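Let's take a walk through this fold together. Have the sequence and the 3D view side by side as you read.

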Amino acid sequence: MKRYLIIGILMLVSPFLRAQDVIFWTNEKSSLPIRVYVDKEYIGDVTETRTRQPQLGDPGCLHVLLAPGEHELTAVNRYGELYDGWTDRITPKVGETTYLKINKGNFRTLSEERRNDEELF
């Protein structure tokens with residue numbers, strides 16, 4: 001009986017333990033490549049633009065698998081400007097692909113003092 005209870009609990013919990021798909025993409029050609037950080041760890045670059053939401057596996061987009069839970073996001077363009085077009089944190093949904101667009105015109109320059117103070121990466 002105890003074994004069946006444990007199996008039942010694992011079946012209920014297992015969907016919440018899966019990695020979650022997140023795809024970063026952009027329509028901002030002049031800023032390419034765009035470096036993306038999740039939880040202050042570099043995860044890769046967005047290297048091509050799109051006029052509409054990409055499909056899973058499209059080249060130039062950045063596809064990552066994230067553990068369930070809240071994650072901190074940072075993106076930096078080729079000029080060292082910080083992306084300011086999304087909230088700083090996301091919580092992807094289990095069983096869904098989250099598409100995060102890096103919108104044109106949402107990069108900003110940080111002063112040197114502010115960069116040192118913010119511990120961005």
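**A walk from the loops to the core**

K40 is partly exposed, at a relative accessible area of 34%; here buried means under 20% relative accessible area, exposed means over 50%, and partly exposed is anything in between, using a 1.4 Å probe and protein chains only. Before going further, keep in mind that this is a predicted model, where local features need pLDDT of at least 70, side-chain atom pairs count only at pLDDT 80 or more, and totals for chains, interfaces and linings use all residues. Numbering starts from 1 along each chain as its sequence is written, and side-chain values use heavy atoms, with hydrogens and water left out.

Back to K40, then. Its place is the loop between β2 and β3, with strands (E, at least two residues) and helices (H or I, at least four) taken as DSSP runs and numbered from the N terminus. Although K40 is not a glycine, its phi is positive, at about 65°. D39 sits in the loop between β2 and β3 (41-46), and this non-glycine residue also shows a positive phi, of about 55°. D39 counts as partly exposed, with 36% relative accessibility. On the peptide-bond side, have a look at the step from L32 to P33, which is cis, with omega near -5°. P33 belongs to the loop between β1 and β2 (34-38).

Now for the sheet. Three strands make up an open sheet in the order β4-β1-β8, and the pairing is mixed. The edges are β4 and β8, each of which pairs on one side only.

Follow β1 (residues 20-26) and you'll find six of its seven residues buried. On one side, β1 pairs with β4 (residues 62-66) in the antiparallel sense, over five bridges; two strands pair if DSSP finds at least two bridges between them. Q20, for example, has L66 in β4 as its bridge partner. With β8 (residues 98-102), β1 runs parallel, and five bridges join the two.

What does the largest nonpolar core look like? It has 18 residues, and those with the most contacts inside it are F24, V46, W86 and I102; a nonpolar core is a set of buried Ala, Val, Leu, Ile, Met, Phe, Trp, Tyr and Cys residues joined through side-chain atoms within 4.5 Å. Two or more residues come from each of β1, β2, β4, β5 (71-76) and β8. Zoom in on I102 and, leaving aside residues up to four places away in sequence, you'll see that I102 touches W25, T26, N27, E28, I34, V36, V46, A75, Y83, W86 and F107, where contact means heavy atoms within 4.5 Å.

Charged pairs are the last stop. Side chains of opposite charge can pair when their charged atoms come close. How many salt bridges are there? The count comes to four, a salt bridge being a side-chain nitrogen of Lys or Arg within 4 Å of a carboxyl oxygen of Asp or Glu. One of them joins D84 to R108, with the closest N and O atoms 3.3 Å apart. This pair links distant parts of the chain, 24 residues apart: D84 is in the loop between β6 (82-83) and β7 (89-90), while R108 is in β9 (residues 107-108). D84 is partly exposed at 45% relative accessibility, and R108 is partly exposed at 24%.

R50 takes part in two further contacts of this kind. E48 pairs with R50, the closest N and O atoms being 3.7 Å apart, and R50 also meets D58 in a salt bridge at 3.8 Å, N to O. Through such shared partners E48, R50 and D58 form one network. Is R50 buried or exposed? R50 is buried, with a relative accessible area of 17%, whereas E48 is partly exposed at 34% and D58 is partly exposed at 26%.
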